[in-house]
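Subject: Structure handover and findings

Hello,

Here is the structure we talked about. Please open it and keep it beside this email as you read.

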Amino acid sequence: MKEITQEQLSTLRPPAFPGSYFLSFEGIEGAGKSTQIIKLKTHLESLNFRVLVLREPGGTPFGERLRQAILETKNEITPLAEAYLFASSRAQLLNEVILKELAVPNTVVICDRYIDSSLVYQGHSRGLGLSHVLNIHSVFPLNIVPHLTFYLRINVETSEKRQKMRNAPKDYFESKGVEFYKKLVVGYDMVAELFPQRILKMNAEVTTDQMSMQICDAINQLIGLKKAVEKEENL
Ligand code: TYD
């Protein structure tokens with residue numbers, strides 16, 4: 001695998017808007033992202049934040065069309081084309097929504113999937129290489145990363161069990177089978193190690209309430225830390 005350089009990692013940075021937070025959720029199918037996002041939104045609203053939930057790919061009219069193009073395709077797309085399609089949807093979402101919303105103080109933007117999905121799905125599991133995906137994200141605004149990312153970790157067996165219970169039709173990636181899913185878990189672990197400060201790897205094989213409590217604790221801690229830093233910078 002092509003070596004990842006310090007320069008590639010250091011070009012990635014969180015947005016610098018005082019009082020606002022950019023968060024993302026990651027994990028394989030069935031990890032419980034949607035449920036936890038709703039619970040976190042409620043918690044943040046109780047703290048008087050304005051909360052916006054977005055999903056990737058999608059979140060803009062153009063992004064939703066790309067989402068359809070990718071997830072409903074019956075033909076194999078090359079990993080390179082996949083990576084650029086997802087990055088294209090992300091660039092549009094950043095320009096059209098994320099950066100504008102975060103400029104309003106007291107806002108939290110929560111993204112259901114973001115750059116780590118590209119690193120894991122295209123970079124690792126589809127074999128493009130993490131380095132290549134990082135290169136695509138080296139230019140503004142694609143170099144903007146969340147303040148905190150919740151990686152809800154479950155194993156492949158749990159994912160399969162939860163998918164069977166849902167019994168929903170499978171999209172492009174979901175039809176790729178167990179081996180692909182195993183690679184996703186390895187890929188997420190690699191990416192979590194690459195960004196230990198930003199990515200909070202959480203055992204999601206616990207109850208919904210236990211998971212939610214841990215997420216709220218982490219957020220309360222982040223808010224306290226960021227407020228302290230912003231206060232110091234203003235002194
Ligand atoms: P979605 O139905 O939103 O998946 P989930 O409910 O599991 O979050 O479909 C998004 C799919 O696209 C999902 O399989 C992950 C994949 N994906 C990538 O491969 N790369 C990316 O950069 C993103 C954002 C998503």
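Below is what was found in it, topic by topic. Keep in mind that this is a predicted model.

**The ligand**

Start with the shell around the ligand. There are 14 residues around the ligand, and Phe-86, Ser-117, Ser-118, Tyr-121 and Phe-173 come nearest. Which helix gives the most to this shell? Helix α5, residues 115–125, does, with four residues. Sorted by class, the shell has six charged, five nonpolar and three polar residues.

**Helix α5 against helix α8**

Stay with α5 and look at its packing. In general, two packed helices are described by the angle between their axes and the distance between the axes. Helix α8 covers residues 178–194, and its axis comes within 9 Å of the axis of α5. The two axes cross at roughly 125°.

On the α5 side they are Asp-116, Leu-119, Val-120, Tyr-121, His-124 and Ser-125. On the α8 side they are Phe-180, Lys-183, Leu-184, Gly-187, Tyr-188, Met-190 and Val-191. By class, the contact has eight nonpolar, three polar and two charged residues. Note Tyr-121: this residue is in the contact with α8 and is also one of those that come nearest to the ligand.

**Helix α2 against helix α9**

Helix α9 runs over residues 208–234 and packs with α2 at an angle of about 50°. Their axes are 10 Å apart. That angle makes α2 oblique to α9. This crossing is right-handed. From α2, the contact uses Thr-35, Gln-36, Lys-39, Leu-40 and His-43. From α9, it uses Thr-208, Met-211, Ser-212, Ile-215, Cys-216 and Ile-219. These residues divide into five nonpolar, five polar and one charged.

**Two cis peptide bonds**

Now turn to the backbone. The peptide bond from Glu-56 to Pro-57 is cis, and its omega is near -10°. Pro-57 sits in the loop between β2 (50–55) and α3 (61–71). The bond from Phe-140 to Pro-141 is cis too, with omega near 0°. Look for Pro-141 in the loop between α6 (130–136) and β4 (148–153).

**Two asparagines with positive phi**

Asn-48 is not a glycine, yet its phi is positive, at about 70°. This residue is in the loop between α2 (33–46) and β2. Is Asn-48 buried or exposed? Asn-48 counts as exposed, because it has 7 C-beta neighbours inside 10 Å, and 12 or fewer is the cut-off for exposed.

Asn-106 also has a positive phi, of about 75°. Its place is the loop between α4 (79–102) and β3 (107–112). Asn-106 has 13 C-beta neighbours inside 10 Å, so it counts as partly exposed.

**Gly-63**

Last, go to helix α3, where Gly-63 is found. Why does Gly-63 count as buried? Because 23 other C-beta atoms lie within 10 Å, and 20 or more is enough for buried. Leaving out residues up to four places away in sequence, Gly-63 touches Pro-57, Gly-58, Ser-89, Gln-92 and Leu-93. Pro-57 is the proline of the cis bond from Glu-56. Lys-183 is 120 residues from Gly-63 along the chain, and their C-alpha atoms are separated by 26 Å.

Best wishes

Terms used: Residues are numbered from 1 along each chain as its sequence is written. This is a predicted model: local features need pLDDT of at least 70, side-chain atom pairs count only at pLDDT 80 or more; totals for chains, interfaces and linings use all residues. A residue is near a molecule or strand if its C-beta atom, placed from the backbone, lies within 6 Å of it. Ala, Val, Leu, Ile, Met, Phe, Trp, Tyr, Cys and Pro count as nonpolar, Asp, Glu, Lys and Arg as charged, and the others, Gly among them, as polar. Axes are lines fitted to C-alpha atoms, for helices over the stretch in contact, and angles run from 0 to 180 degrees between N-to-C directions. Two residues are in contact if their C-beta atoms, placed from the backbone, lie within 7 Å. Angles under 35 degrees count as roughly parallel, over 145 as roughly antiparallel, 65 to 115 as roughly perpendicular and the rest as oblique. A crossing is left-handed if the near helix is turned anticlockwise from the far one by less than a right angle, and right-handed if clockwise.
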